[in-house]
Amino acid sequence: MENENGAPAQASGRKPGRTRNWLIAGAVALAGVAAIGGIGAVQANGGPGHFMGKGGGFGFGGPFAERSIDRALRAADATAEQEDKIWEIVDNARSDLRVVFRDARDTRERLTALLSAETIDRAAVQSLRAERIVTLDSASHRATEAFLDAVEVLNPEQRAKLLERFRQRGPHR
């Protein structure tokens, strides 16, 4: 049996692509949670985007991110067990990312020394940049893994609720 596009029809009676749509919806919905984790870990540890003085930013460990994650979990109607699992994932990611970004302070000092020299060592600055790219890629990988772990905790309906909340809020909110 074929559908109107000439492709084989699914025997289950489900609409083609429905599972894929649920997966996409879930992935997008929880992207906010993962983004908060990655960005917050950077801010909380003096990395890029750090503000409010040394170690005093409202990063991932701060009150704003905690509240955002709580709101997202409430919007998804997460159970207490799901919340515990997701917070465990978040806390583990925080610890891992804190170690990754601890090097940011050293990078600033090294860059300051390189730029303060009488002659700029372009090769050394490029080498430092390449080191930071590796570190940032590692952090991105860890944040993505935490995101995927969190996605697996919620069911498709919960992910759809969360996605709808993000859609209603619009971009950049």
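Residues 24 or more positions apart account for 65% of the contacts in the protein with a separation of 6 or more, contact being defined by heavy atoms within 4.5 Å. The model is a predicted one, in which local features need pLDDT of at least 70 and side-chain atom pairs count only at pLDDT 80 or more, whereas totals for chains, interfaces and linings use all residues. Residues are numbered from 1 along each chain as its sequence is written, and side-chain values use heavy atoms, with hydrogens and water left out.

The secondary structure comprises 6 helices and 0 strands, where helices (H or I, at least four residues) and strands (E, at least two) are DSSP runs numbered from the N terminus. Along the sequence, the pattern reads α-α-α-α-α-α. Of the 173 residues in the protein, 31% are buried; the term denotes under 20% relative accessible area, exposed denotes over 50%, and partly exposed lies in between (1.4 Å probe, protein chains only). The accessible surface amounts to about 11,100 Å², and carbon and sulfur atoms contribute 54% of that area.

The largest nonpolar core contains 14 residues. Such a core is a set of buried Ala, Val, Leu, Ile, Met, Phe, Trp, Tyr and Cys residues joined through side-chain atoms within 4.5 Å. The residues with the most contacts inside this core are Ile69, Leu73, Ile86, Trp87, Val90, Leu154 and Leu162. Two or more residues are given to the core by each of helix 2 (63-75), helix 3 (80-101) and helix 5 (122-153), and helix 3 gives the most, with 5 residues. When neighbours within four places in sequence are left aside, Trp87 is in contact with Glu66, Ile69, Asp70, Leu73 and Arg94.

Helix 3 also holds Gln82. This residue counts as buried because its relative accessibility is 11%. With residues up to four places away in sequence not counted, Gln82 touches Asp77, Val153, Leu154, Asn155 and Gln158.

Side chains of opposite charge can pair when their charged atoms come close. A salt bridge is assigned when a side-chain nitrogen of Lys or Arg lies within 4 Å of a carboxyl oxygen of Asp or Glu, and by this rule the count comes to 8 salt bridges. In one of them, Glu66 pairs with Arg94, with the closest N and O atoms 2.4 Å apart. This pair links distant parts of the chain, since Glu66 belongs to helix 2 and Arg94 to helix 3, at a separation of 28 residues. Glu66 is partly exposed at 24% relative accessibility, whereas Arg94, at 12%, counts as buried.

A salt bridge is likewise formed by Lys161 and Asp77, for which the closest N and O atoms are 2.5 Å apart. This pair too links distant parts of the chain: Lys161 is in helix 6 (residues 156-169), Asp77 is in the loop between helix 2 and helix 3, and 84 residues separate them. Both partners are partly exposed, with relative accessible areas of 40% for Lys161 and 46% for Asp77.

Within helix 4, the side chains of Arg110 and Asp106 meet in a salt bridge at 3.7 Å, N to O. The two residues are separated by about one helical turn because they lie 4 residues apart in this helix. Relative accessible areas of 32% for Arg110 and 38% for Asp106 place each residue in the partly exposed class. Elsewhere, salt bridges that share partners join Glu66, Asp91 and Arg94 into one network.

On the surface, Leu111, Leu115 and Ile120 form a nonpolar patch with about 240 Å² of accessible area together. Patches are made of residues with over 30% relative accessible area and no salt bridge, like charges being joined within 9 Å and nonpolar side chains (Val, Leu, Ile, Met, Phe, Trp, Tyr) within 5 Å. Leu111 is located in helix 4 (residues 103-116) and counts as partly exposed at 32% relative accessibility.

Helix 5 includes Glu145, a partly exposed residue with a relative accessible area of 33%. The C-alpha atoms of Glu145 and Ile89 are separated by 9.6 Å, the two residues being 56 residues apart along the chain.

Definitions and conventions. Areas by Shrake-Rupley, 256 points an atom, 1.4 Å probe, with all protein chains shown as cover.
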